[in-house]
Amino acid sequence: MQAHVVPNGRHGEEASHPNRRGMTGFGFYLYLLSDCILFATLFAAFAVLHRSVADGPDGHQLFGLRNAFIETACLLTSSLTCGLAMLACDRRDAPSAKGFLAITFALGAVFLALELTEFHRMIADGAGPDRSAFLSAFFTLVSTHGLHVTAGLAWILILLLQLRQKGFTEAMVRRLFCFSLFWHVIDVVWIGVFSFVYLIGSAS
């Protein structure tokens, strides 16, 4: 008769609590790569068109760095809280994971509100996406990033609901890890937007 071996120690802990490392499917990495290609294309289009202002306002006239700095601070801090949520996930600490995800949501919502406020101001001042090729490229790039943030906020709400209902199942841990990768990627993209569009654009 074959003896039944009960895992103990760290091996037993890993057996009962699936680790998030190595759980992400190859398809999700392909999706992230396609997103990077999308944003690289939008950055290239902006680089080509950023001087095509058609006698309209340019970045130096339009961009205020104060709001951009606040947006950047919110998004980078949300990246930190997202990382803390994943550490709480590794510890199977549900209250901390939920709390840090909620903070991540709040920071992302503030970022999105500031971005929409800026869009509204620019359009009200006659600097909408139809004003020039430069503004078309700007609105396309920044709004595409904003749509990703919006999708991330919806994803957080779904994760919080599922975490409450299901706890740390293997599928749940995988979903949390995929979300953290997605959120960090859009944070990195924003660093590019802030540096390439706002910093260089306001100085030119």
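At which residues does UniProt place the feature "transmembrane region"? The unreviewed entry puts this feature at residues 28–49, 69–88, 100–117, 137–161 and 181–201. UniProt positions are given here in the numbering used for this structure, feature names are shortened, and annotations may be inferred rather than shown by experiment.

The structure is a predicted model, in which local features need pLDDT of at least 70 and side-chain atom pairs count only at pLDDT 80 or more, while totals for chains, interfaces and linings use all residues. Residues are numbered from 1 along each chain as its sequence is written, and side-chain values use heavy atoms, with hydrogens and water left out.

The overall picture is a welcoming one to begin with. The protein chain has 7 helices and 0 strands, where helices (H or I, at least four residues) and strands (E, at least two) are DSSP runs numbered from the N terminus. Read from the N terminus on, the elements follow the order α-α-α-α-α-α-α. Of the 204 residues in the protein chain, 42% are buried; buried means under 20% relative accessible area, exposed over 50%, and partly exposed in between, with a 1.4 Å probe and protein chains only.

Residues 100–117 are 100% helix and 0% strand, with 26 Å between the end C-alpha atoms. Residues 181–201 are likewise 100% helix and 0% strand, and here the end C-alpha atoms lie 29 Å apart.

The expected span of a helix is 1.5 Å times one less than its number of residues. Helix 2 (residues 26–49) has 24 residues and reaches 35 Å from its first C-alpha to its last, close to the expected 34 Å. Helix 6, covering residues 133–166, has 34 residues and reaches 49 Å, close to the expected 50 Å.

The next step is to see how the helices pack. Two packed helices are described by the angle between their axes and the distance between the axes. Here, axes are lines fitted to C-alpha atoms, for helices over the stretch in contact, and angles run from 0 to 180 degrees between N-to-C directions. The crossing of helix 4 with helix 5 is left-handed, a term used if the near helix is turned anticlockwise from the far one by less than a right angle, with right-handed used if clockwise. In this contact, 16 residues are nonpolar, 6 polar and 3 charged, where Ala, Val, Leu, Ile, Met, Phe, Trp, Tyr, Cys and Pro count as nonpolar, Asp, Glu, Lys and Arg as charged, and the others, Gly among them, as polar.

Helix 5 also meets helix 6. Their axes come within 10 Å and cross at roughly 155°, which makes helix 5 roughly antiparallel to helix 6. This crossing is left-handed, and the contact has 19 nonpolar, 6 polar and 3 charged residues. Helix 6 packs with helix 2 as well: the axes come within 7 Å and cross at roughly 155°. Helix 2 is thus roughly antiparallel to helix 6, again with a left-handed crossing.

The buried residues of helix 2 are Phe28, Leu32, Asp35, Phe39, Leu42, Phe43 and Phe46. Those buried in helix 5 include Ala97, Leu101, Thr104, Glu115 and Glu118. Ala106 lies in helix 5 too, but is partly exposed, with a relative accessible area of 38%. Its C-alpha atom is separated by 9.1 Å from that of Cys74, and Ala106 and Cys74 are 32 residues apart along the chain. In helix 7 (residues 170–203) sits Phe194, which is buried at 9% relative accessible area. Phe194 and Glu71 are 123 residues apart in sequence, yet 9.2 Å apart in space, C-alpha to C-alpha.

Backbone angles complete the account. Arg92, in the loop between helix 4 and helix 5, has a positive phi of about 60° although it is not a glycine. Arg92 counts as buried, at 18% relative accessibility.

How values were computed:
Angles under 35 degrees count as roughly parallel, over 145 as roughly antiparallel, 65 to 115 as roughly perpendicular and the rest as oblique.
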